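Welcome! Try each task before reading its solution.

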Amino acid sequence: MRAIPTGLVKARINEFVENLPDLAALIEPLLIVRRVLREQLGILHRRVLAVVRDDEVCRRLMTMPGVGPVVALTSRVTVDVPARFRNSKAVGAVFGLTPAKHQSGERDRSGAISRCGDQMMRVMLYEAAQSMLVRAVKWSWLKAWAMKIARHRGMKKAIVALARRLAVIMHRIWVDGTDFQWTRKAAAA
């Protein structure tokens with residue numbers, strides 16, 4: 001979403017409230033708060049970018065499509081020590097991106113995702129997966145895999161499956177010290 005310049009916002013609001021002085025007096029402090037909030041968000045964004053720029057793991061994680069500075073930093077902080085996971089597939093379960101099991105007597109069915117684990121990381125992975133499927137222009141073997149799932153099972157299930165796969169691949173990238181491979185041939189080599 002494109003940011004609207006503050007001057008344009010103030011001009012439009014003044015246009016609407018020029019005949020309502022009481023409303024203009026209420027809106028002026030809100031515009032000041034908006035300006036200060038935007039300034040502070042800019043400062044925070046620059047700090048996050050500086051942290052990510054200096055961290056080798058975050059730079060490697062950002063080689064994946066859909067993974068930006070915030071997702072990479074969240075993953076870095078959440079996983080913390082990659083050796084604590086038995087294998088990379090366990091990461092998806094820890095973040096609650098595996099199907100919940102409902103078992104009773106003779107019944108055994110898989111439900112929606114379990115949602116156990118770190119909610120913030122799950123949200124970040126979901127957003128990265130959605131960004132890759134919906135916004136990314138460049139195709140990779142991973143996007144093709146997720147689009148195949150979307151055709152057969154629906155877009156929401158494909159996004160969740162891709163989020164789980166992103167978690168697994170991000171862990172593998174961290175452990176191996178490699179970058180994301182855009183083609184299957186390069187990934188196999």
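Helices (H or I, at least four residues) are DSSP runs, numbered from the N terminus. Keep in mind that this is a predicted model, in which local features need pLDDT of at least 70 and side-chain atom pairs count only at pLDDT 80 or more, while totals for chains, interfaces and linings use all residues. Residues are numbered from 1 along each chain as its sequence is written, and side-chain values use heavy atoms, with hydrogens and water left out.

**Exercise 1. Find the buried residues of α6 and work out how they are arranged around its axis.**

Step 1: Buried means under 20% relative accessible area, exposed over 50%, and partly exposed in between (1.4 Å probe, protein chains only).
Step 2: The buried residues of α6 are Met 121, Arg 122, Met 124, Leu 125, Ala 128, Ala 129, Met 132 and Leu 133.
Step 3: Looking down the axis of α6, these buried residues fall within an arc of 165° (taken from the directions from the helix axis to the C-beta atoms), so they line one face of the helix.
Step 4: On the face turned away from the buried side, α6 carries the exposed residues Gln 119 and Val 134.

**Exercise 2. Is Arg 122 buried or exposed?**

Step 1: Arg 122 lies in helix α6.
Step 2: Its relative accessibility is 11%, so Arg 122 counts as buried.
Step 3: Contact means heavy atoms within 4.5 Å. Not counting residues up to four places away in sequence, Arg 122 touches Phe 95, Gly 96, Leu 97, Ile 113, Arg 115, Cys 116 and Gly 117.

**Exercise 3. Which residues have the most contacts inside the largest nonpolar core?**

Step 1: A nonpolar core is a set of buried Ala, Val, Leu, Ile, Met, Phe, Trp, Tyr and Cys residues joined through side-chain atoms within 4.5 Å.
Step 2: The largest one has 39 residues, and Met 64, Phe 95, Leu 125, Leu 142, Leu 162 and Leu 166 have the most contacts inside it.
Step 3: α8 gives the largest share of this core, 12 residues.

**Exercise 4. Describe the surroundings of Leu 142.**

Step 1: Leu 142 is found in helix α7 and is buried, with a relative accessible area of 0%.
Step 2: Leaving aside neighbours within four places in sequence, its contacts include Met 64, Met 132 and Phe 180.

Key. Helix = DSSP H or I, 4+ residues; strand = E, 2+ residues; numbered from the N terminus.
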